[in-house]
Amino acid sequence: MNMSTGYAQEKDYKAYTLYVYNFMKYIEWPEIESKGDFIIATIGNSPIDNEFKTLAKSKKLKGRNIVFKKYNSVEEIDNCHLIFIPSKEYATLKNINSIIKQKSILLVSENEGGAYKGASISFAVNDEDELTFDINRKELENHKLKISSTLVNLGNVVK
Amino acid sequence: MNNLLNIALFLRPVVKKILLLLFLIPFAVKSQTDSLLLKKDSIDIYDMSIDELIKLKAHGVPSEMESLINSLISVASKKPLNVRESPSVITLITEEEIKNSGARDLIDVLRLVPGINFGVDIEGVVGIGMRGNWAIEGKVLVLLDGQELNETVTGTVTFGNRYAVEHIKRIEIIRGPGSAIYGGYAEYGVINIITKQAEDLNGINITTTYGQMEKDYGRKNLSISAGKRINDLRISFSGFLGRGQRSDQIYKDYYGDSYSMAGNSSLNSSFANIAVSYKGLSLRAIGDYYNCIIRDGYGEVIKQGPVKTSFNNLFSELKYVKDLNKKLNLSARVNYKNQSPWKSNGYDFDLPYFVTSTRIFQNVSLNYNSSRKLNFVFGSECYQDYAIDRMKSGYFSNGGNNKNFQNYAGFFQGQLKLQPINLIFGTRFDSHSEFGNALVPRVGLTKKYDKFHYKILFSRAFKSPTIDNINFADSKGIKPEYTNVYEAEIGYKINKNSFFSINAYDISTTQAIVYYTSKDSSNTDFYSNFGYTGTKGIELEYRFKEKWGYFNLNYAYYSSTNKSSVDVYSTPESKSLLAFANHRVNLNTGININKNLSLNSTASYYGKRWFVSGIDSAGNSIKEKMDPLLLLNFFIRYQTPIKGFNVGLGVYDALNSKLNFIQPYDGGHAPLPGPSREFIIRLDYTLNYK
């Protein structure tokens with residue numbers, strides 16, 4: 001371990017986006033949700049929005065176009081495949097989970113601990129500033145999402 | 001005219017950088033770089049394999065300042081934490097700062113740390129003070145690559161041209177108690193010196209330094225280091241030969257006798273440090289042979305002439321570290337140290353002295369990461385001390401020529417990371433065969449929120465009575481002295497390049513171990529527990545760091561008002577203790593003129609200091625105040641066109657203020673002069689292995 005290497009203060013949202021893209025690749029949605037555009041959404045304003053826009057413009061997911069959608073409030077939530085809940089909107093996590101009920105939507109929380117509060121996946125940062133994530137398998141099952149073992153081995157299963 | 005124009009053009013960027021530093025424009029914001037820019041900044045990053053995700057950083061490439069303030073350190077807790085969340089008030093000194101400052105020895109390095117000062121003990125020995133408290137006798141633990149440098153007989157560590165600063169990779173300092181982790185030498189602080197290891201060296205380095213004071217040489221030093229890593233095998237070696245002098249000025253005692261310290265205050269060091277490691281197993285051996293030529297004795301000029309006092313140390317360590325599983329780590333070590341401090345053939349009325357002590361020390365620790373949020377460390381230590389009077393003079397209190405002690409200790413630390421707060425709690429229990437038991441708990445609440453961090457800390461600490469404390473205890477016996485320390489710190493990252501912190505502390509020591517002379521006709525010297533002492537104060541620090549330069553400014557203030565009842569430390573002003581200025585300011589700046597040339601300056605301001613200037617006709621000490629002074633130092637470092645060869649030129653104490661070392665207790669020793677203005681030249685050559 002390089003004990004003397006510290007870390008920057010502003011988050012690297014490219015790194016977060018890269019993880020989210022891999023969640024999309026290594027999680028399976030039900031057949032009926034696997035056609036048409038793949039919609040990633042965020043709630044409110046977040047620095048990650050631009051990164052998702054770049055991802056949507058430049059990449060596809062298994063042949064499908066990626067579309068980025070922004071909801072200004074939880075009431076606007078409609079059809080999408082993945083909702084990223086930024087830090088500022090962390091308090092709305094439980095509410096969002098109750099709104100989407102058992103729809104096949106992957107809830108990803110930027111804040112550590114989100115996986116205990118209804119998100120299927122939440123990010124965390126370790127002491128060496130490495131990005132990691134927690135997985136709530138119960139929530140994934142609840143939303144009829146199947147996670148590959150490759151992704152499970154990379155993260156930390158909390159439930 | 002053309003030449004003038006060329007000079008002006010060359011100096012323009014230099015002047016610009018100096019102006020930026022002087023007017024403190026730390027608010028320039030650089031555009032963020034992120035870790036993924038280390039790869040080509042293109043859409044290709046999304047094609048990274050899933051295995052490559054593991055090392056992605058959440059915060060991208062740090063600025064120079066961010067690297068420093070968020071560094072992981074382990075000195076303050078057994079589990080590495082970043083500086084801003086560590087449960088102690090921490091100073092981290094880097095190799096770059098030491099190299100650029102041109103520091104001559106550890107005194108130059110450490111005096112820039114808030115709260116650290118130096119004073120004279122006896123026989124030319126200079127020791128450390130922490131936050132106004134005299135700490136030479138086993139109250140600040142000094143570690144070098146994990147080896148306790150403190151002498152077992154007296155607890156002292158003596159400073160002055162002793163260790164090669166060019167070998168140092170970093171120094172982690174706890175500016176507060178550390179007993180809950182480190183035991184009885186860490187009452188007031190811990191200085192953890194880490195030298196360059198095999199990967200850092202990867203080649204050979206030779207450095208030579210010459211210093212010239214007003215009247216005589218200041219130092220003639222030569223050091224060498226080499227290291228190599230071959231797969232899992234790591235080997236490193238460092239050696240140092242130092243020939244220095246404490247001062248070239250005149251020492252005058254209270255009775256009017258004097259002598260020139262030029263030629264009578266040598267500081268000679270021979271040092272070697274070898275380390276070999278293979279996977280989790282490591283072996284280290286250090287030989288540290290240091291002698292001083294002195295004539296100041298206990299304060300009175302030694303009539304017979306210069307006398308040699310030696311401090312010989314041999315350290316060795318065998319250590320094994322193993323990850324038992326993903327969550328559990330084991331560390332086990334055995335240390336051996338053999339020391340013979342203060343060795344001399346005697347002088348005037350002082351008898352020859354040659355006492356050796358051997359300590360064999362065992363430590364086993366387990367580090368358990370229950371989860372990302374919860375960590376436990378627990379372990380046990382024991383040591384056995386054997387002290388032998390080689391002069392067979394019946395030195396020990398049992399009338400014999402040897403004495404044995406044992407100490408057993410257990411420690412525990414828990415760390416819980418919650419959303420609003422990090423909680424660190426720990427305790428250590430020691431049981432010593434002579435002085436009994438000591439239990440010291442500590443609690444820390446810390447948290448880092450974006451740019452802001454805070455710490456609220458409480459520690460109980462203790463000083464183990466040393467072999468001499470036990471040996472010269474009066475009829476009541478000797479117990480550990482205890483200290484309660486409350487500390488609070490707030491830090492704020494102004495932007496990517498600048499950082500500010502302020503901390504406050506309150507130190508209260510009870511059962512203070514004090515040296516005194518009996519008032520009966522026997523006139524015998526004893527140690528006893530009596531009185532209380534301590535200080536309270538604040539420390540402020542501002543740091544600015546960019547690729548092209550840095551600027552560090554710190555201020556430290558202490559007060560002993562209502563904190564100390566120990567007469568030998570006192571002065572006519574209740575807020576001040578002997579020797580140490582209430583107000584201290586340090587400045588450390590550096591500019592990289594270009595990629596080959598750096599210009600650096602350090603300055604230390606000392607407020608008024610109390611000292612004992614003499615003895616009146618009734619035999620009472622006369623105490624006076626010394627005027628404030630400023631130490632100003634400059635150093636230029638140049639990387640020559642010859643690859644690996646660097647030259648440094650500097651002047652220490654450019655104003656010739658001649659800072660002296662005052663005795664921090666009323667012990668009969670006049671202030672000991674330090675060096676006069678000293679010009680230094682340093683040459684270093686590094687050859688890297690391919």
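Student: What should I know before I start?

Tutor: The model is predicted, so local features need pLDDT of at least 70, side-chain atom pairs count only at pLDDT 80 or more, and totals for chains, interfaces and linings use all residues. Residues are numbered from 1 along each chain as its sequence is written, while chains are lettered from A and ligands numbered from 1 in the order in which they are written.

Student: Which order do the strands of the open sheet in chain A have?

Tutor: The general idea comes first. Strands of a sheet pair through backbone hydrogen bonds, either parallel or antiparallel. Strands here are DSSP runs (E, at least two residues), helices are runs of H or I with at least four residues, and both are numbered from the N terminus. Two strands pair if DSSP finds at least two bridges between them. In chain A, the open sheet of 8 strands has the order 3-4-2-5-6-7-8-10, with mixed pairing. Strand 3 (60-61) and strand 10 (156-157) of chain A are at the edges with a single partner strand each, so one side of each has no neighbour in the sheet.

Student: How many bridges join strand 2 to strand 5 of chain A?

Tutor: There are 3 bridges between strand 2 (residues 38-43) and strand 5 (residues 82-85) of chain A, and these strands run parallel. To find one, look at A:Ala41, whose bridge partner in strand 5 of chain A is A:Ile83.

Student: Which strands of chain A does helix 2 lie across?

Tutor: Axes are lines fitted to C-alpha atoms, for helices over the stretch in contact, and angles run from 0 to 180 degrees between N-to-C directions. Helix 2 (residues 48-58) of chain A lies across strand 2, strand 4 (64-71) and strand 5 of chain A, at about 160° to strand 4 of chain A.

Student: At what angle do helix 1 and helix 2 of chain A pack?

Tutor: The angle is about 50°, and the axes of helix 1 and helix 2 of chain A are 9 Å apart. That makes helix 1 of chain A oblique to helix 2 of chain A; angles under 35 degrees count as roughly parallel, over 145 as roughly antiparallel, 65 to 115 as roughly perpendicular and the rest as oblique.

Student: Which residues make that contact?

Tutor: Two residues are in contact if their C-beta atoms, placed from the backbone, lie within 7 Å. Helix 1 of chain A contributes A:Tyr13, A:Lys14, A:Tyr16, A:Thr17 and A:Tyr21, and helix 2 of chain A contributes A:Ile48, A:Glu51, A:Phe52 and A:Leu55.

Student: Now chain B. How many helices and strands does it have?

Tutor: Chain B has 7 helices and 38 strands. One open sheet of 5 strands there has the order 3-9-10-7-8, with mixed pairing. Its edge strands, strand 3 (90-94) and strand 8 (147-148) of chain B, each pair on one side only. Inside that order, 6 bridges join strand 9 (residues 168-174) to strand 10 (residues 189-195) of chain B, and the two run antiparallel. B:Arg170 stands opposite B:Ile194 in strand 10 of chain B.

Student: Is B:Ala579 buried or exposed?

Tutor: A residue is buried if 20 or more other C-beta atoms lie within 10 Å of its own, exposed if 12 or fewer, and partly exposed in between, with C-beta atoms placed from the backbone. B:Ala579 counts as buried because it has 26 C-beta neighbours inside 10 Å. B:Ala579 also has a positive phi of about 85° although it is not a glycine. Look for B:Ala579 in the loop between strand 31 (549-559) and strand 32 (583-594) of chain B.
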